[in-house]
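Here's a quick briefing to read alongside the model. Have the sequence and the 3D view open as you go.

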Amino acid sequence: MDTVEFPSHRHPLNRKELLSGEETHQICGLCGMEVINGPAYECSKCNFTAHLDCVKNPPSLVIEKSKIHGHTLTLLPRHVSFTCNACGRSGNKSPYVCLKCSFMVHRDCINIPLLIKTSRHLHRLSHTCFLGPGEWSCEVCHLRIDGKYGAYNCERCLYTVHLKCVLRADVWDGKELEGEPEEYKEIESSKLVGEKLVHQHDLRLVNEDIRDHIVCSGCSLPVASNPFYRCLQCHSFFHERCANHPQNKITFLHVHPLTLYADDERSGPNTLSRCDACDLHFSGFGYRCLKCKDGHIEFDVRCSSVAEPFDYRLHPVHPLFLILPANEAEICNVCNHLRPKYVLSCIKCDFNLCFACATLPDKVIYKYDEHLLSDTIGEDDTTNPYWCDICENKIEVMRNHYTCAECGPVLHTECVLGSLRNMSPGFTFITQHGHKYEVILNDRTSLLRCNQCHKDCHEPLLLMSTTTNTDVTSTRIYLCSSPCFRAYVSV
């Protein structure tokens, strides 16, 4: 029909075909959503437009019972500016109001969950429409929360979150817990050392001087500090922290709990894993999500151990947080690389830290120095540049590197650890094209050249693949870094 009488609007509504080329954007006075080109109803006497479906199936004029409020709510179908008492956000279209207590709420906020659990806090969070006076800030976006309006908070502690932040799909799993008994099960209880979850032999905690190049079988990084665990039956070593990773873990990196797995428990034989947080390939232990069936979510053990607030040794003035949502890709202030996801940021100053840099070891071993080298950031001094002792190239200004304060050696992070640092020497895998690669140590005496970038390989670990030609001769392929490997296998 061309004209309808709508009970909640005092004028007749006329049907109109909206065109996509029109400059004005119409907002439906009933649902508050934009009216895209197509059939709609509008009032010729006032600025009121409604979707065709909203007129045919109008929202309830009166809601007697709702989860969000104890009194009757009445639809106010008109343009009116208001602040939603449930979420604290502003609105300008058709709120539901309580005439007894001046309560106004978005239509979408009427049926929000009242009790939830997220991956970013240990306790349950309940919704309240009034926080009360005080200085409140959101633990997800770290912006101010107005205590006069609604938010989610923890009844056991002062943890508080914006409604729009906590109901994100990457923060909340979508389950409402109203009426369900609370479980006090400790999810991070089982340990590797006591129950041998990922290593079948006995481990012994030892304190020894470490001068050999030994790597942790859990995270694949060098063991450069005491104490550490040594396997009594095989050649396996573990950092003390890596030997005590829980079988299950809750982390702010993912909405579901994660499960620990080892090399022989990967998704397929000789499968290469890639951490979603730092974007580096890794062997050894990892955590994966067993609930996400449509995607392969996994993190290495170092990234999954990062927690908020994160105290970073090279930015001691303020703690860092994982800010959601990320508006755009950020440049890491430590490595100067662009990181589009999972960046730890300082909310008080312009400092960003990627997970690849956040999980770098504080100390490393350099065979030509009797001391441990420390991770640091160079000063903004172009008159006194640093030169790497391994590749003999200049280290960028304000770029992290490792140095010995007593003896003076300075090394690129790539030269002393490399982009393949989370993979153990001897680890083999097969690509999707059927090519087998092995992680090998670079002795830096053969002057090997990378088959992708065609430069001398200076990183401590290389990827090597041997192919057999038609004349039964063999060709060896060397790749010097993770970026070169990705570029080469995609050719």
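Predicted model: local features only at pLDDT ≥ 70, side-chain atom pairs only at ≥ 80, totals over all residues.

Residues are numbered from 1 along each chain as its sequence is written, and side-chain values use heavy atoms, with hydrogens and water left out.

**The chain overall**

- The chain holds six helices and 40 strands; these are DSSP runs numbered from the N terminus, with helices being H or I of at least four residues and strands being E of at least two.
- Of the 491 residues in the chain, 47% are buried, meaning under 20% relative accessible area with a 1.4 Å probe, protein chains only.
- Take contacts (heavy atoms within 4.5 Å) between residues at least 6 apart in sequence: 52% of them join residues at least 24 apart.

**A four-stranded open sheet**

- The order here is β13-β14-β17-β18, with antiparallel pairing; two strands pair if DSSP finds at least two bridges between them.
- At the edges you'll find β13 (115–116) and β18 (160–161), each with a single partner strand, so one side of each has no neighbour in the sheet.
- Inside that order, β14 (residues 125–128) and β17 (residues 151–153) pair antiparallel over three bridges, and S126 has N153 of β17 as its bridge partner.

**β19, β20 and β21**

- β19 (residues 203–206) runs antiparallel to β20 (residues 228–231), with four bridges joining them.
- β20 is also joined to β21 (residues 237–239), again antiparallel, by three bridges.
- The link from β20 to β21 is a hairpin through five residues.

**Helix α6**

- Which residues of α6 (residues 482–489) are buried? They are S482, C484, F485 and V489.
- Looking down the axis of α6, those buried residues fall within an arc of 160°, so they line one face of the helix; the arc is taken from the directions from the helix axis to the C-beta atoms.
- At the start of α6, a side-chain oxygen of S481 comes within 3.3 Å of the backbone nitrogen of C484.

Note on methods. Buried < 20%, exposed > 50% of the residue type's maximum accessible area, 1.4 Å probe, protein only. Polar contact = N/O pair within 3.5 Å; in protein donor to acceptor, adjacent residues only side chain to side chain.
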